Structures are given as structure tokens and as C-alpha cells.
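This briefing covers a few local features of one structure. The points are grouped by topic.

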Amino acid sequence: MQDRRVLIEAITGHPAWNGFFARPRPDHDFPDLHAAVVYGTGAEDVAALAALGIHVEGGGGQGNLVLLSAPRGGHNLRLRFGGRADGVVALGAECLLAGNIGFEGDGHLLLCNGRGTLHLNATFRQHEGALFLGRHVTVNGADFLVEGPRRSIVVGDDAMVSYRVQIRTSDSHGIVSLDDLSAALNPPASIRVAPHVWIGADTVVGRGVSIGRGAIVGLGTIVTKDVAPCTLVGGVPMRVLKERVTWTRASQPSREEAEAAVAFASAERPEG
């Protein structure tokens, strides 16, 4: 087992971040992994994970690890390393996962510090892709596609992702110009979702998009361009519906809840 300090440094400095976490990022809290239990893909560890509801399938390659800040039952996760190498799944103490995670390349990373049971599927393609879900993020039913090489999806603290949402760094198929065949016109590109963003049901978030702090994406929206902070967008094609707004988890917030949401959403903190 590799040294824990070295392992944490490798997670923080993963190449898919492309320097995003090279300096402190307010409201993008990593799970505390200093005392995490580290599981490999040997028979004993696989059995221990299965007892927690994490089922490792497909044959583990070299260096694949699962880190749990606070091991507990209640997961309903199928994890397929598929014989690939150096994949890491690291979960915070408040996080349970339900769904499927598949690694179709080497060196991928899923880092989750969410709250409660997060219902999601995540597919990692090519190599060295990464998915980060910050502190108290909730996911009610989303599909994440991280296609590298060295591309990532970052979701900041206290974001809320609704049902049947797709967040994709890739279109899965290349578009080429008849006049220039040197490269596809739609290469994979990283996605940044800032803290306290609400992504409504049946939304698609496309490659290369950034969604600003405190924003709201209405249900059924296809997001193909950046969304400004504290802005409500919706429709196909996407358009701005209202500016200078944010949201609360309570459907009928008290004055104090509304004030707290506004204070957090409008905090002047660097995101880019």
C-alpha cells in the first residue's frame, strides 16, 4: 500500500484538474482522507466492500483503490474497474453512492464529499479523467460522462443536481470538417459547476461549460454555453430568464434561510 500522504497529494494534484486545485478553492471542500480506510481489489478487500454495498466487478487491475473516510453500510454501488489500472474512488464521511461507476481507461478519479445518498452513474473513458463532487452536494439521478485524456467535471459545494440530468465532457462522437480533417471540431472539454448551483430535471450540461455560483438551470435546459452567477436560465436554446436570483433548498424559505442563501451565493470568491 502506498504512503497515505503521497496518495492524498496524488489526488489533489491529479492531472485532470489542469491546475484548478493548485491553489486553495473556497467552497470546493475535499473529503478528509487522512484517516480513511483504503481498500484494494484483493479478495478480502472486495468482500469487505461488498458488505458495505460496494460491489467491485470486472476484475481489478494494478493500483485500483477505494478510500472511505467513514466506512458504513448503505451503499448500492456497482464499481467496474474493468481490468484497468490506477483508478481511485474516494468518498467522504457523509456520502453514500447508489448507481454504477465504470472505468474504461487508466488513472481515473472519482472524489465525492456529498451528503446523503447520491444517485448517479459515472463513466470514465480514455485516461486520467476526474469527477469532483463537493461538500454537501446532492444528486437525485444523474449520468456523468468524463472522457479524457485529462478532462474533468468539478461540482462545487452545496450544489443540487436533480433527476435525469446528463453532465458530459464529450459528445461521444466526433464532428469533422469536410475542409480540414486534422482534428475533430468537438473535442472533450472540462466542465465547472460552481458552488450552490441548482440543476433542474432533464437538463443536459455539455462539454466545456462553466455555470456560475448561485445559478439556477431550469428543467429541460440544454446548456451549451456559460451561465453567469446568480442567473436563472432555461429553454432550448438556452436563454436568460432572470438575473440577480438564487435558490434555497426549502420550498418556502424563512427570511433567515433566504438571507443565508443570498449571502453564500453572492460571496465574492474566486471560482475560475
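Predicted model: local features only at pLDDT ≥ 70, side-chain atom pairs only at ≥ 80, totals over all residues.

Is valine 209 buried or exposed? Its relative accessibility is 1%, and because buried means under 20% relative accessible area, valine 209 counts as buried.

**Valine 209**
- Valine 209 sits in the loop that runs between strand S15 (204-205) and strand S16 (210-211).
- Leaving aside residues up to four places away in sequence, valine 209 touches Ser190, Ile191, Arg192, Val223, Thr224, Lys225 and Asp226.
- Threonine 224, one of these contacts, is 15 residues from valine 209 in sequence, with a C-alpha to C-alpha separation of 6.4 Å.

**Helix H1**
- Helix H1 spans residues 4-12, and its residues Leu7, Ile8 and Ile11 are buried.
- These residues lie on the same side of H1, because they cover an arc of only 95 degrees around the axis.
- In general, an α-helix has 3.6 residues a turn, so residues three or four places apart point the same way.
- The cover over the buried residues of H1 includes strand S3 (65-68), strand S5 (88-91) and strand S7 (109-112).

**Aromatic pairs**
- The structure holds nine aromatic pairs.
- One of them joins tryptophan 17 and phenylalanine 132 edge-to-face, at 6.4 Å centre to centre and with 90 degrees between the planes.
- Tryptophan 17 lies in the loop between H1 and strand S1 (37-39), and phenylalanine 132 lies in strand S9 (residues 130-133), so this pair ties together parts that are 115 residues apart in sequence.
- Both tryptophan 17 and phenylalanine 132 are buried.
- Phenylalanine 81 and phenylalanine 103 form a stacked pair, because their ring centres are 5.3 Å apart and their planes are at 10 degrees.
- Phenylalanine 81 is in the loop between strand S4 (76-80) and S5, and phenylalanine 103 is in strand S6 (residues 95-104), so the pair ties together parts 22 residues apart in sequence.
- Phenylalanine 81 is buried at a relative accessible area of 1%, and phenylalanine 103 is buried at 4%.

**Aromatic cluster and charges over rings**
- One aromatic cluster is formed by Trp17, Phe20, Phe21, Phe30 and Phe132.
- Phenylalanine 20 belongs to that cluster, and the charged end of arginine 192 sits over its ring, 4.7 Å from the ring centre.
- Arginine 192 is also among the residues that valine 209 touches.
- The charged end of arginine 213 sits over the ring of phenylalanine 264, 4.6 Å from the centre of that ring.

How values were computed: Residues numbered from 1 in each chain as written. Heavy atoms only, no water. Helix = DSSP H or I, 4+ residues; strand = E, 2+ residues; numbered from the N terminus. Buried < 20%, exposed > 50% of the residue type's maximum accessible area, 1.4 Å probe, protein only. Contact = heavy atoms within 4.5 Å. Arc of directions from axis to C-beta. Phe/Tyr/Trp six-rings, centres within 6.5 Å; stacked < 30°, edge-to-face > 60°. Lys NZ or Arg CZ within 6 Å of the ring centre and 35° of its normal.
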